[in-house]
Structure formats: C-alpha cells, structure tokens
Amino acid sequence: MLDLDKWQEILHTIKQNKLRTFLTGFSVAWGIFMLIILLGSGNGLKNGVEHQFRDEATNSIFIYNGRTSDIYRGLNKGRRIYPDNGDYDWIVNNLSQLEKISSSYSIYGDNQISYNGEYGDFNITAVHPSYHEIENLTPVDGRFINQNDLRENRKTAAIGLTVKETLFREASPIGKHIKINGITFKVTGVFDADNNDRENREVYVPITTAQTLFSRNDDVHSLRLTTKEVTVEESKGLVNTLRSKLSQRHSFAPDDERAVYISNHIEQYTQFLNVFKAIDLFIWIIGIGTIIAGIVGVSNIMIIVVKERTLEFGIRKAIGATPSSIIGLIILESIVITTFAGYIGLVLGVGVLGLLSNVMPANDFFMNPQVNLVIAGSATLLLIISGIIAGMVPARKAAKIKPIVALRDE
Amino acid sequence: MITLKKLHKSYTAGKNSLHVLKGIDLKIERGELVSIMGSSGSGKSTLLNVIGILDGYDEGQYTLDGQLITNLSEKKAAILRNNMIGFVFQSFNLIPFKNAMENVALPLYYQKVSRKKRNRIAMEYLDKMGLKEWAEHMPNELSGGQKQRVAIARALINQPRVILADEPTGALDTQTSYEVMDVLQAVNKTGITVVIVTHEKDISERTNRIIRLKDGNIENNFINSKIKSYA
C-alpha cells in the first residue's frame with residue numbers, strides 16, 4: 001500500500017483517463033452532496049420550529065380568559081370569564097401533576113414608569129414567582145420577585161432588559177426605586193427574554209401587590225402552569241379536568257371552549273415532535289435511497305471500467321503482472337477516486353448549507369441547517385467500501401481471466 | 001530451450017470439444033530463429049500461447065529452459081513470463097494511455113525497478129529501435145511499424161530468453177514487415193531465441209527453421225538453409 005511507485009502508477013492511470021474518473025467520482029460526489037443537503041435541510045426545519053418554542057416551557061398549559069359562547073343556566077351569552085385566585089389555589093391544592101404555576105395579570109393603559117427623570121411607557125404584568133421559569137426568562141442581574149414579596153405585598157419589580165436600558169442605561173438598577181403610575185417600587189432584578197422585544201418591555205410585579213393596588217379584585221388574565229412528565233393523553237385529561245372545574249366555579253357550559261381558552265403546549269409540542277420524527281424518517285429514507293443509488297452507480301461504473309480495461313489487464317498479465325497486482329490496481333484506483341470524490345461532495349454540501357444559512361434569513365421554519373459530520377463521514381466511508389466491493393467482483397474476474405482470452409477479446 | 005513432448009490441448013465450447021493440438025513433439029534450441037506456419041485453425045497460435053505460458057495444456061510435457069511448466073499458479077506463471085519471455089503481438093497491444101517510453105518500461109514495473117531507472121533503461125531500448133525522438137508520443141501518434149518496434153523494445157527490456165511473436169507483421173505493409181523482421185533477426189543475433197508465428201511465406205523464409213502445422217499436428221519441420229536477410 002505504501003509503495004510509492006504503485007501510487008504513481010495509479011495516479012498516472014487516473015490522470016490519463018479523465019472521463020472515466022469523472023463519471024465514477026461524480027456519482028459518489030453527487031450521492032454525498034445530496035445526502036448532506038437533505039440531512040442539513042431537515043435539521044434546518046427542526047431548528048426553526050424548535051426555536052419557535054424557545055419562549056415557553058414545552059410542558060406547559062395556559063388558561064386564558066374568554067367569553068361564554070352561549071346562554072347557560074339563565075346566564076347571558078358573551079359573559080366575560082376570568083380565572084381568579086380561587087382557581088389558582090384549587091390547582092395548587094388538587095392537581096398532582098402540577099410542577100409550577102403562575103397567574104398573569106396585565107395592567108393595561110398608559111403606565112408611566114420613571115426613574116430619576118427618565119420616563120418610559122411599559123407593560124406591567126402581575127405574576128407569581130414561578131413565572132420566569134415557565135416563560136424561560138433569562139436572569140441578567142439580581143432576582144425575580146419571590147414568595148416573600150407576595151406574602152408581604154411588597155412593592156418590588158423585576159424588569160425586562162429594554163426597561164433597564166431605557167431607565168438606567170449602564171447603571172445597575174438593583175435596589176433602586178422606580179415609579180409606576182406614581183407609586184414607588186424597588187427593582188429586584190433584570191431579565192432577558194431572548195430578544196423577544198415585547199417581553200423585554202415588561203415590568204413584573206407581585207400579583208398580590210397588584211391586586212391590592214391596581215385591580216382591587218382577585219381576577220387574573222391567565223393562569224400558566226407546567227406539568228411533570230406526562231403523555232399527550234394525560235395532558236388532554238388534565239385540560240378536561242381544568243375545564244370542568246372552571247365551568248363549575250364560573251358557571252359556564254362544560255363544553256364551552258370559548259369561555260376560557262386552554263392552550264395545551266404539551267399536545268402541540270408532541271405533535272411537532274411527531275412531525276419531526278416523520279420528517280426525519282422521510283429524510284433518512286431518501287438519504288439511504290441516495291446512497292443506494294450512489295452504490296449502484298459506482299458498481300456499474302466499476303463493472304464497465306473493468307470490462308473496458310480487459311485488454312489492458314491482458315497486456316499487463318502477458319508482460320508479468322500477477323493477479324493480485326491487477327486486483328490491487330483496480331481497488332486502489334477505486335479507493336482513490338471515491339475518497340477524493342466523496343470528500344469533494346462533503347465539502348460542497350457543507351459549503352452550500354453554509355451559504356444557505358447565510359443567504360436565507362433565519363425564520364421560524366428554517367434555521368441553522370447543519371449536518372452531523374459523523375453521519376456524513378460514515379456515508380462517504382460506506383460509498384468507498386461499496387466502491388471497493390463493487391470493484392472487487394469484476395476485478396477478481398479480470399485477474400482470473402487468462403491473458404490470452406483478454407488479448408483475443410478485442 | 002523449449003521442449004514439447006506429446007502435447008495435447010483442446011478447447012471446450014459448450015458441449016463441443018475442439019482438439020486443437022494433437023500430440024506435438026518439438027524441440028527448439030537456445031538461439032534459434034524459428035517460424036511456425038500453418039493455415040488458420042491449424043493450432044499455431046494455440047501452440048505459441050502454450051509456449052508463452054499464456055495458456056495451459058491438457059496432456060504431455062512442456063519444459064522451458066529446463067523447468068517443467070505444469071500446473072503453475074497464476075502468480076508463478078506471471079513471474080516466469082516476466083523473467084523469461086517477451087511477447088510481440090499482431091495488434092501490438094500497447095497500452096493506449098501510456099506513451100512509448102512508459103509502455104516499454106512497464107515490464108520493469110512488475111520487477112519493482114524504480115520509475116527513474118526503468119524509464120532510463122526504456123530510453124536505451126527505444127534508442128536501439130531508433131525511436132528515441134518518439135519516446136513521449138502516445139501509441140495513437142505512431143505508425144504501425146513504430147508501434148511494433150515499441151512492442152519489441154518492451155519485449156526485450158526484461159532481457160528474456162525467448163521472444164514469442166504472434167503474426168508480428170500481420171498488420172503491416174511489406175516494406176515495414178521487412179524492417180520489423182530485420183529487427184527480430186538482429187535480436188536473435190544477440191543470442192535470444194525467437195519464435196515467430198506467421199502465415200506469410202516470405203517472413204518464414206527469413207528464419208532458420210520452419211515448422212509447418214496442419215490440423216494440430218506437425219506436418220513438417222525443416223532447417224531453412226537459404227535464410228534471407230537484408231540486414
């Protein structure tokens with residue numbers, strides 16, 4: 001194998017037979033190229049949709065306020081139904097699969113928030129301490145509002161990154177006092193919602209404080225909860241339990257889906273995961289098909305090449321080539337071509353994917369098309385090995401053939 | 001040099017068996033220039049292939065330079081061919097994608113001679129054939145006579161004991177044929193045994209001995225006393 005002269009002989013043969021080399025190499029390079037594009041695009045799709053779920057925990061169920069869609073027990077159609085503190089307590093006390101829960105109450109209207117002469121209009125949302133975990137908020141500085149803040153109705157606030165930058169610029173806001181609609185709140189921490197501009201314009205305050213100061217009742221706009229590991233079926237059961245309990249507590253028809261909207265992310269996410277499993281499977285089927293096509297292509301070309309070279313092998317044998325040297329010549333040539341072509345396909349494929357992710361703006365459906373290089377490398381190796389096996393069969397035949405038959409076979 | 005005793009050879013094609021060589025007894029001494037003649041189907045090419053260890057035989061005995069040639073493995077046969085025999089074919093059988101020098105040097109590749117050295121030796125042999133200027137040319141750029149001289153240079157480069165030529169002038173015009181024969185006669189003068197299969201009378205008349213084959217048997221075998229030569 002390390003015989004320099006042998007390599008020179010092979011490289012010479014390859015150089016002198018460019019079309020043949022190109023045809024063999026092309027089927028390999030094309031196979032690998034297509035496989036990488038396919039796998040990469042599949043990953044791009046997956047990354048895009050996974051990115052859509054980045055804001056929220058994927059095991060969450062959200063309950064939003066709504067309006068009744070029909071008359072129920074003498075009560076009006078179109079009544080507004082808000083979840084309230086009672087619902088919150090019931091869920092905390094009765095739902096065994098509950099992991100975290102938070103209410104969310106938005107204070108609408110112009111909320112003027114100021115610090116030291118800097119002003120800004122921001123959203124105020126009253127929440128429980130688990131809210132930042134349910135919404136995947138990243139702590140930048142300090143802490144979120146906590147249980148003590150709620151218990152003692154403290155006037156504390158956690159602020160979004162944009163709020164901090166507007167009011168405080170470079171300075172640290174922790175422990176500073178901001179004014180919300182004229183009332184002084186102490187800043188506990190800064191949170192980043194992964195470039196989500198709306199969420200970064202939020203000021204989070206304890207729900208108890210907000211209900212005392214602003215709303216003066218115990219309604220909330222939504223309840224957000226996460227569950228322990230549950231199956232899709234279990235999550236559907238949970239949603240049903242929640243809906244029937246809410247219908248009892250707020251007197252609306254148990255089958256009225258618009259009285260409160262319950263959005264089941266577990267079901268959505270699992271559906272997406274299933275879609276991806278299907279896409280993955282589909283890509284693999286096509287990928288394996290592509291590889292098989294490549295293998296067949298290489299095999300065909302090897303068979304033709306050996307047939308075409310029968311006379312040459314006959315001549316070589318007549319002047320003293322041993323059968324093993326003929327096999328070695330064919331196999332090494334096949335290895336050199338497929339390895340080189342496979343590498344070209346690999347580089348081109350990865351290059352095109354890179355170009356694609358640069359040219360196409362990242363969006364919710366396509367993002368960071370990447371490919372597992374181990375898989376791509378294994379595919380290349382597989383093609384090389386099949387090239388060898390494909391070459392081996394006719395090569396052995398060519399090596400076994402009597403030189404006289406080969407020389408006569410013009 | 002070459003001794004054949006009661007050599008039989010048949011080919012099977014499907015159910016039919018064709019008995020080509022029917023008990024050939026032949027002795028060729030070292031340094032002879034022999035021609036084997038016969039009409040097509042007489043078995044002359046088969047005989048040459050057996051002598052050249054390109055093909056096996058069924059019965060009898062073949063001894064080459066004191067060595068019994070029987071049931072050789074492909075590898076041993078290849079090594080023997082490489083060391084002992086040089087071939088010249090009617091259709092030249094040069095490798096089309098190698099230039100004249102590389103074609104001549106190829107037998108030395110199988111003797112593991114380094115590239116530089118074998119190309120240098122190939123140039124010497126091409127020079128002897130008067131083809132030094134054509135060393136870099138590909139076979140399709142050479143005339144028939146030039147191709148055959150390249151083939152002869154290739155047959156000579158591993159310094160064989162025997163040159164076997166199968167209709168070496170079959171594809172050439174008369175003038176070129178004579179030139180090629182001059183070369184083969186010159187080769188023979190250096191002491192190498194030369195066996196030529198031909199059906200051309202004027203070619204066989206330029207060899208020391210003429211062996212005539214008919215239907216797989218030696219019809220006659222006589223010394224050519226009036227050997228013609230232009231050399």
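**Exercise 1. Two helices in chain B**

Task: In this predicted model, at what angle do α3(B) and helix α4 of chain B pack, and how far apart are their axes? Are the two helices oblique or parallel to each other?

Solution. 
Step 1. Take the axes. Helix α4 covers residues 115-128 of chain B. The axes of α3(B) and α4(B) are 8 Å apart, and the packing angle is about 120°.
Step 2. Classify the angle. Angles of 65 to 115 degrees count as roughly perpendicular and those over 145 as roughly antiparallel. α3(B) and α4(B) are therefore oblique to each other.
Step 3. α3(B) and α4(B) make a right-handed crossing.
Step 4. List who touches whom. α3(B) contributes B:A100, B:M101, B:V104, B:A105, B:L108 and B:Y109. From α4(B) come B:R118, B:N119, B:I121, B:A122, B:M123, B:Y125 and B:L126.
Step 5. Sort these residues by type. Eleven are nonpolar, one is polar and one is charged.

**Exercise 2. The side of chain B that touches chain A**

Task: How many residues of each chain are in contact across the two chains? Which element of chain B supplies the largest share of its side?

Solution. 
Step 1. Count both sides. On chain B there are 22 residues in contact, and on chain A there are 20.
Step 2. Find the contributing elements. α2 (74-84), β6 (85-89) and α3 (100-109) of chain B each supply at least two residues of the side that touches chain A.
Step 3. Pick out the main contributor. α2(B) gives six residues, the largest share.
Step 4. Sort by type. This side of chain B has eleven nonpolar, five polar and six charged residues.
Step 5. Link back to Exercise 1. α3(B) supplies residues to the side that touches chain A, and α3(B) also packs with α4(B).

**Exercise 3. An open sheet in chain B**

Task: What is the strand order of the open four-stranded sheet in chain B? Which strands stand at the edges?

Solution. 
Step 1. Read the order. It runs β2-β1-β4-β5, with antiparallel pairing.
Step 2. Find the edges. β2 (16-28) and β5 (67-68) of chain B each have a single partner strand, so one side of each lacks a neighbour in the sheet.
Step 3. Inspect one pair. Strand β4 of chain B, residues 59-64, pairs with β5(B) in the antiparallel sense over two bridges.
Step 4. B:L68 in β5(B) stands opposite B:T63.
Step 5. B:N71 sits in the loop between β5 and α2 of chain B. Its phi is positive, about 45°, although B:N71 is not a glycine. B:N71 has 8 other C-beta atoms within 10 Å, so it is exposed.

**Exercise 4. The partners of β10(A)**

Solution. 
Step 1. Start with β7. Strand β7 (residues 138-142) of chain A runs antiparallel to strand β10 (residues 183-192), joined by four bridges. A:D141 stands opposite A:V190 in β10(A).
Step 2. Go on to β8. Strand β8 (residues 156-160) of chain A pairs with β10(A) in the parallel sense over five bridges. A:A158 has A:G189 as its bridge partner.
Step 3. Finish with β9. Strand β9 (residues 177-180) of chain A is joined to β10(A) by four bridges and runs antiparallel. Here A:I180 is partnered with A:I183.
Step 4. Look at the turn. β9(A) and β10(A) form a hairpin with two residues between them. In that turn, A:N181 has a positive phi of about 50°.

Methods: Residues numbered from 1 in each chain as written. Chains lettered and ligands numbered in written order. Predicted model: local features only at pLDDT ≥ 70, side-chain atom pairs only at ≥ 80, totals over all residues. Pairing = 2+ DSSP bridges. Contact = placed C-beta atoms within 7 Å. Nonpolar A, V, L, I, M, F, W, Y, C, P; charged D, E, K, R; others polar. Axes fitted to C-alpha atoms, helices over the stretch in contact; angles between N-to-C directions. Parallel < 35°, antiparallel > 145°, perpendicular 65-115°, else oblique. Left-handed = near helix turned anticlockwise from the far one by under 90°. Buried ≥ 20, exposed ≤ 12 C-beta atoms within 10 Å, placed from the backbone.
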